[in-house]
Amino acid sequence: VYGDRVPPQYKDSAQVELSKSGITVKKTEAALTPQQRAEMEAKKAADAVAAAKKEAIDRVDRALVSKYANASELAAAHGRDVDRIDDELVSFTARATGMSERAKVLYSSKRINKDQRAELEDLSNELSQVAEILERKLSERAQAHRRHKAERARFEELMGRKPAPAK
């Protein structure tokens, strides 16, 4: 279609503006359909999520490399983490043992009075809580081992070495 105005039925079509000598001066792309617009927005959103994930990984990698000078330092830090958890496990296990011993003493009484019964109930509730804490601490310890294994492998990779075989 030739003219100085675009007919309404062609306003969303691709257009080429030519000079008097027939040289292309301006190109206008066709308007996007709603589906094309939605696809483009979805792609932009997916690209933004991917970029954010990559930045997060890069940030963690930079922190890992700047925090530890070598794999020995990383292993020492892991050892300290596990030792802390182990100390807590020992403490809570000792607490549970003490409560169990007290409950045995109370149960061995020929007659259990009202106060002793209340104490036994309290001990039972506390033992349940300590058992839950011990379970969480054991899970935390296993997570610490998995995290260390992954951090060590990533550290070795970032430092340009092959990860050492798992022990």
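Gly79 is found in helix 2. In this predicted model, Gly79 has a relative accessibility of 24%, so it counts as partly exposed. Gly79 and Leu120 stand 41 residues apart in sequence. In space, their C-alpha atoms are 38 Å apart.

**Helix pairs**

Two helix pairs are described here. Helix 2 spans residues 71-108, and helix 3 spans residues 114-158. Helix 1 covers residues 34-67.

| Pair | Axes come within | Crossing angle | Orientation |
|---|---|---|---|
| Helix 2 and helix 3 | 9 Å | roughly 165° | roughly antiparallel |
| Helix 1 and helix 3 | 10 Å | roughly 85° | roughly perpendicular |

How do helix 2 and helix 3 run relative to each other? Their axes cross at roughly 165°. Angles over 145 degrees count as roughly antiparallel, and helix 2 and helix 3 are therefore roughly antiparallel to each other. Their crossing is left-handed. By class, the contact of helix 2 with helix 3 holds 21 nonpolar, six polar and 15 charged residues.

Helix 1 meets helix 3 at roughly 85°. That makes helix 1 roughly perpendicular to helix 3. From helix 1, the contact draws on Ile57, Asp61, Leu64 and Val65. Helix 3 answers with Glu151, Arg154, Phe155 and Leu158. Five residues of the contact of helix 1 with helix 3 are nonpolar, none is polar and three are charged.

**A buried histidine**

His148 sits in helix 3. Is His148 buried or exposed? Its relative accessible area is 14%. Buried means under 20%, so His148 is buried. Neighbours within four places in sequence aside, His148 touches Leu74, Ala75 and His78.

**Nonpolar cores**

The largest nonpolar core has 14 residues. Which of them have the most contacts inside it? They are Phe92, Leu123, Val130 and Leu134. Helix 2 and helix 3 each supply at least two residues of this core. Helix 2 gives the most, with eight residues.

Back in the largest core, Leu134 is one of the residues with the most contacts. Leaving aside neighbours within four places in sequence, Leu134 is in contact with Leu89, Phe92 and Thr93. One of these, Phe92, is likewise listed among the residues with the most contacts inside that core.

Conventions:
Residues numbered from 1 in each chain as written. Predicted model: local features only at pLDDT ≥ 70, side-chain atom pairs only at ≥ 80, totals over all residues. Heavy atoms only, no water. Axes fitted to C-alpha atoms, helices over the stretch in contact; angles between N-to-C directions. Helix = DSSP H or I, 4+ residues; strand = E, 2+ residues; numbered from the N terminus. Parallel < 35°, antiparallel > 145°, perpendicular 65-115°, else oblique. Left-handed = near helix turned anticlockwise from the far one by under 90°. Nonpolar A, V, L, I, M, F, W, Y, C, P; charged D, E, K, R; others polar. Buried < 20%, exposed > 50% of the residue type's maximum accessible area, 1.4 Å probe, protein only. Contact = heavy atoms within 4.5 Å. Core = buried A, V, L, I, M, F, W, Y, C linked by side-chain atoms within 4.5 Å.
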